[in-house]
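Colleague: I have a few "how do you know" points to raise about this model. Could you take me through them?

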Amino acid sequence: MKIGVDVGGTKVRVGLVSDDGKIIDKKTAPCPSASPKQEVVDFIAGMVEEFYSDKIESIGIGVPAIVDESGVIRECVNIPSWDFVDIRSDFEHRFGVPVNVRNDCNCYALGVKSSHARTYDNIVCITLGTGVGSGIIIDGKLYQGEKSCAGEIGEVLYKDRNYEFYCSSNFFISKGSTGKDAADAAGQDDPAALTLWEEFGRNIGDLISLVTLCYSPEAIFIGGSISAAFSYFEQSMREKLKNFPYKSVIDTLDIRAVDDPDMLLLGAAY
């Protein structure tokens, strides 16, 4: 068995995962992200200890950060104190099993590949939430680039800012709303909310065009908290994609939402 850990700025999720990729048990707790770095590490270790036994073979950790080849966390988003954290060595010393650390979007991509995308060798997984990120699978293998920086598509310039602004919760905040409120209102057929989602969908269409031109994957999977509202922006997204310059490429591209936070846990354990 394995343990998967999903570290976020607001919460930490830990899951016990069987060898055949099933989550046996899991727990979620608020992340003490404002605490000193070691206190955050100790808190996560305490959650892992609840699932640890001599049957555990390895521990995988997904973090919203740049992670170097030795597993050291650098420039972590939403956890200010985590500017240089060697959680891998810390956990290997504590638990005596191999520990691997990956960017959270990369973990999500591994989770999707192991479950929803088994028949595909080349996929891109886009996460839409507080920010925008992606995980890339090429020839069946995770592509991370130097210091796991590949796939940081949110930082690409778009309109007067970047995709991080126009394709995340920031977009809704700039309009005086939130993603959740906009989804709730759209569920009540509120015209203003539906119009807002249409604009958002066009932005996502541009983002998918960018990703397709760069990687030309077989499929693109959309995750993150905003993916739960896929039905509200899918139509305008696909309408925008009709402008893609290579019709034969975009017509065969499988685009779908996978609104399942367990994908990250599975990917981390994987």
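Modeller: Gladly! Let me start with Ile-208, which is in contact with Ile-126, Ile-220, Ile-222, Met-237, Leu-241, Leu-253 and Ile-255, leaving aside its neighbours within four places in sequence. Contact means heavy atoms within 4.5 Å. This is a predicted model, where local features need pLDDT of at least 70 and side-chain atom pairs count only at pLDDT 80 or more, while totals for chains, interfaces and linings use all residues. Residues are numbered from 1 along each chain as its sequence is written, and side-chain values use heavy atoms, leaving out hydrogens and water.

Colleague: What makes a set of residues a nonpolar core?

Modeller: Its members are buried Ala, Val, Leu, Ile, Met, Phe, Trp, Tyr and Cys residues joined through side-chain atoms within 4.5 Å. Buried means under 20% relative accessible area, exposed over 50%, and partly exposed in between, with a 1.4 Å probe and protein chains only. The largest nonpolar core here has 35 residues, and Ile-208 is among those with the most contacts inside it, as are Trp-197 and Phe-200. Helix H7 gives the largest share of this core, eight residues. Helices (H or I, at least four residues) and strands (E, at least two) are DSSP runs, numbered from the N terminus. A second, separate core of 32 residues includes Val-12, Cys-31, Ile-44 and Val-97.

Colleague: Why are H3 and H10 called roughly perpendicular?

Modeller: Helix H3 (residues 104–115) and helix H10 (residues 262–269) pack at an angle of about 90°, with their axes 6 Å apart. Angles under 35 degrees count as roughly parallel, over 145 as roughly antiparallel, 65 to 115 as roughly perpendicular and the rest as oblique. H3 and H10 are therefore roughly perpendicular to each other. The axes are lines fitted to C-alpha atoms, for helices over the stretch in contact, and angles run from 0 to 180 degrees between N-to-C directions.

Colleague: How do you know that the buried residues of H2 line one face of the helix?

Modeller: The residues in question are Ile-87, Asp-90, Phe-91 and Phe-95. Seen down the axis of H2, they fall within an arc of 105°, so they line one face of the helix. That arc is taken from the directions from the helix axis to the C-beta atoms. Their packing partners include helix H1 (37–49) and strand S4 (58–63).

Colleague: And why is Ile-138 called partly exposed?

Modeller: Ile-138 has a relative accessible area of 36%, so the label is partly exposed. This residue sits in strand S10 (residues 132–138).
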